[in-house]
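This report describes the pockets of the model shown below and the residues that line them.

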Amino acid sequence: MTKRRVLITGLGVLAPNGNSTSGYWDALTTGKSGIGPITYFDTENLSVKIAGELSDFNPEDHFDRREIRKLDPFTIYHMVASQEAITQSGLDQGDVNMERVGVIIGSGVGGIQTLEEQHQVYSTRGQRRVSPFFVPRMIANIAAGNLAIKYGFQGPNNTVISACASGTDAIGSAFRTIQYGDADIMVTGGAEASITGLTISGFANIKALSTRNDDPTAASRPFDLDRDGFVLGEGSATLILEEAEHAKARGAIILAEMAGYGATDDAYHITQPAGGGLGAIRAMQNAVNDADLALEDVDYINAHGTSTPFNDKTESEAISSLFGEHAQNLKVSSTKSMVGHSLGASGALEAAACVKAIENKILPPTINYTTPDPECPLNYVPNEAVIADVNVAMSNSFGFGGHNGVIVIKRWNEA
């Protein structure tokens, strides 16, 4: 079967350092962090008091209050980011077959804010006070469902849950859906709104989070010797994927080409990566093979780069092992240094950064990189963005459970 080529024709972003694609990209290229003290709830009794919250975002700017009552924040984030992407792509202009437009997004935990809130109501006030919107606000698939209902997208619609690889796996699944002819356009990406007391407590108690509470913007420091854990973030990013001939026929803007996808599992440990990054190596190799490229064609890797000791060391080892001598030519950066780790949304946010890097020939930096780690020997684009030709970008996502998802995005060339 001849593979159908797939293009990216729209982007939308909500991130801790920017409430639009342009705002997010400007913040990334200037090294602006969106991490700060938690404001959503009282952190007095918590060991971790910082996170990457959305800044100056008001749902009432996008929905009326009656709608907001029916939607968990993760759905709101997805709907807002998707509206930006859909507008850019022109899908809202009524000239496409809605039966051939689908939605696949990723979310690690779905409506956890609703779950915590309504559990408290049930515990203190009983069954009769639980909201009738509890279930349709909480379930992880509801964001994709709501988007389809709003716009009339009648194609394949589902949600991918693979922990921190969810967003990347969703993009890969949407890519495959178009390649195999089941849709012409897919709205894809990830959404997460998991900054809650329970989530913070769970991650803190497995020693996964940074406790650098007194210096929030310096807390996420991927690949730095003094890293002490990740910072929880939130947000959403949406990509519009479209079959190439379909996009050209309707005169769609072409941002880049979605070229390859690879997915594996470590089958090793529920939270730690396999020694040597063997699963990550296979996922990266599979993605490059799927794109019909050579390893030497890859210019830039947006790393999973969580700022945890094991992940950063293992990912660096995997890149070095797979790419060999070319690893020294690669530019590798972690945009989580500026927005934290938004779990199921992280891969989508990072895919958006890859598209913008290709489009603008600028590589976003890894900020807070002050003390090199001998076990992380690559070029991490330290502290300041660099101008560089980027024709092929890779985005890595690795999740609890051993999930590895990797996508390859390249500059569009019709040849």
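## Pockets and their linings

The lining of the largest pocket comprises 13 nonpolar, 17 polar and three charged residues. Here Ala, Val, Leu, Ile, Met, Phe, Trp, Tyr, Cys and Pro count as nonpolar, Asp, Glu, Lys and Arg as charged, and the others, Gly among them, as polar. The model is predicted: local features need pLDDT of at least 70, side-chain atom pairs count only at pLDDT 80 or more, and totals for chains, interfaces and linings use all residues. Residues are numbered from 1 along each chain as its sequence is written, and side-chain values use heavy atoms, with hydrogens and water left out.

A pocket is an open set of points on a 1 Å grid over the protein atoms alone, where a 1.4 Å probe fits, with protein on both sides within 12 Å along at least five of seven lines; lining residues have an atom within 4 Å of a point. A volume is the space filled by probe spheres set on the points, which are joined across faces, edges and corners.

| Pocket | Volume |
|---|---|
| Largest pocket | About 540 Å³ |
| Second largest pocket | About 250 Å³ |

Of the 33 residues lining the largest pocket, Thr271, Pro273, Thr308, Asn311 and Phe400 are the closest to its centre. With five residues, α11 gives the most to this lining; helices (H or I, at least four residues) and strands (E, at least two) are DSSP runs, numbered from the N terminus.

The second largest pocket is lined by residues including Tyr40, Phe41, Pro73 and Glu116. Its lining divides into nine nonpolar, two polar and one charged, and α3 supplies the largest share, three residues.
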